[in-house]
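Subject: A structure for you to look at

Hi there,

Here is the structure I promised to pass on. Please have it open while you read, and I will walk you through what turned up.

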Amino acid sequence: MGVQEEQLQRGKAEETGSSVHPPYDYPDYRATRLRGPKRPLLVLPHTLSESTGPVFGHEVVGELDNDLTRQHAGEPLGQRIIVSGRVLDTDGRPIPSSLIEIWQANAAGRYNHKVDQHPAPLDPNFTGGGRCLTDSEGRYRFVTVKPGCYPWENHPNAWRPAHIHFSVFGRAFTHRLVTQMYFPDDPLFAFDPIFNSVRDPRARERMISQFELETTIENWALGFHFDIVLGRGSNGTPMVH
Ligand SMILES: [Fe+2]
C-alpha cells in the first residue's frame, strides 16, 4: 500500500473508529494535537523510484551493526537480550533484504541524545542505535540490552513502557513502517497514551514481543520474538511514532 493510500485509509478509519493504525490526532498523546493534519490530505502520484526502491545490498550494513553491545570498548550495563523475528507481508510471505533500523534508551531509561536530560545516567558503552537486513526468509536478529522505562512530560507522572523503536523499509519506500516494540506484561501499558492510541486491542498485542526460550542463550542473554507485518490488512503491525 502506498503512503497516500494508507493516509486515506487512516482518515477513513478515524471516522469509523476501527483501525490497526492510530489516528493522527489522539488528544491524550499531546504531541499529536500539533502535528496531526487539520485539513484533508492531498494525494500525490507515485513515481517509479517510490515503488521500486530502495534496494539495499549487504555492503550498506556492517557486520556488527546488529549488535548494540559491541559498539564501544566495554559492554553496556543492563539485561542482555536478543530480539529476533521475521518481516512478513499481510499474506505471510517473508520480505527479504529489508533494512531494519532500531533505536532505544539505555538500561537506565536514558537516550544518548541532547534532548533527553532527565536525571538517569548515560552509559559510555551504549549508543542505542543498530541496523540489519532481513535474510532470504525475512529473518532479522539484534543483540542489545533491555531498555529502561523513562519519564516524559505528556501528563503528570508520565512514564513510557520499555520499548524499542523500529523502522522497517519493506519492499519499497512506500512500505516503510515506523513502530515501537514492547515487552510482555509491562505495568505501564494501561497508562501510556502512545500504546493506547492504537485502538484495536489485537493490534496493540502485535506490538508486544514474546519471551522465547529457544532463542534465549544459557548464561548469556534472554530471547524475545517480534514479527513485523507490513501492509494494509487487519493483521498489520501498527504505525506508531
Ligand atoms: Fe522512545
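Is P40 buried or exposed? P40 is exposed, with a relative accessible area of 73%; buried means under 20% relative accessible area, exposed over 50%, and partly exposed in between, with a 1.4 Å probe and protein chains only. P40 is found in the loop between α2 and α3 (48–52). Helices (H or I, at least four residues) and strands (E, at least two) are DSSP runs, numbered from the N terminus. Between P40 and D28, which are 12 residues apart along the chain, the C-alpha atoms are separated by 22 Å.

A word on the basis for all this. This is a predicted model, in which local features need pLDDT of at least 70 and side-chain atom pairs count only at pLDDT 80 or more, while totals for chains, interfaces and linings use all residues. Residues are numbered from 1 along each chain as its sequence is written, and side-chain values use heavy atoms, leaving out hydrogens and water.

The confidence comes next. pLDDT is the predictor's confidence in each residue, from 0 to 100. For the protein chain the mean pLDDT is 90, and 93% of the residues reach 70 or more. Over residues 14–18, however, the pLDDT is below 50, and this stretch has 3 contacts in the model beyond near neighbours in sequence. Contact means heavy atoms within 4.5 Å.

Now to the metal site. The iron ion has Y111 (OH), Y150 (OH), H163 (NE2) and H165 (NE2) as its protein donors, lying 1.9 to 2.2 Å from it. Donors are N, O and S atoms within 2.8 Å of the metal (3.2 Å for Na, K and Ca), and water is not among the atoms, so sites may look incomplete. Why is the arrangement irregular? The 4 donor atoms subtend angles of 90 to 158 degrees around the iron ion, and that makes the arrangement irregular. For reference, four donors count as tetrahedral if all angles lie between 85 and 135 degrees; four count as square planar and six as octahedral if opposite donors are over 155 degrees apart and all others between 65 and 115; anything else is irregular. Along the sequence, the donor residues follow the spacing Y-x38-Y-x12-H-x1-H. Y111 lies in the loop between β2 (99–103) and β3 (129–133), and H165 in strand β7 (residues 163–168), so the pair ties together parts that are 54 residues apart in sequence. Y111 is buried at 16% relative accessible area, and H165 is buried at 11%.

The interior is worth a look too. A nonpolar core is a set of buried Ala, Val, Leu, Ile, Met, Phe, Trp, Tyr and Cys residues joined through side-chain atoms within 4.5 Å. The largest one has 25 residues, of which V87, I100, Y140, F142, I164, F166 and I228 touch the most other members. At least two residues of this core come from each of β1 (80–89), β2, β4 (139–145), β7, β8 (177–182) and β11 (228–230). A second, separate core of 14 residues includes W152, F195, V198 and V240.

V198 sits in the loop between α4 (193–196) and α5 (201–205), and V198 is buried, with a relative accessible area of 0%. Leaving aside neighbours within four places in sequence, the contacts of V198 include V20, P22, M207 and V240. V198 and P23 are 175 residues apart in sequence, yet 7.8 Å apart in space, C-alpha to C-alpha.

Next, the aromatic rings. The structure holds 12 aromatic pairs. Rings of Phe, Tyr and Trp (its six-membered ring) pair if their centres lie within 6.5 Å; planes under 30 degrees apart count as stacked, over 60 as edge-to-face and the rest as tilted. One of the pairs is Y29 with W152, edge-to-face, at 5.8 Å centre to centre and 75 degrees between the planes. This pair links distant parts of the chain, 123 residues apart. Y29 is buried at 9% relative accessibility, and W152 is buried at 18%. Ring pairs also link Y140, F142, F166 and F226 into a cluster.

Finally, one backbone detail: N219 has a positive phi of about 65 degrees although it is not a glycine. N219 lies in the loop between β9 (210–211) and β10 (222–225).

Happy exploring!
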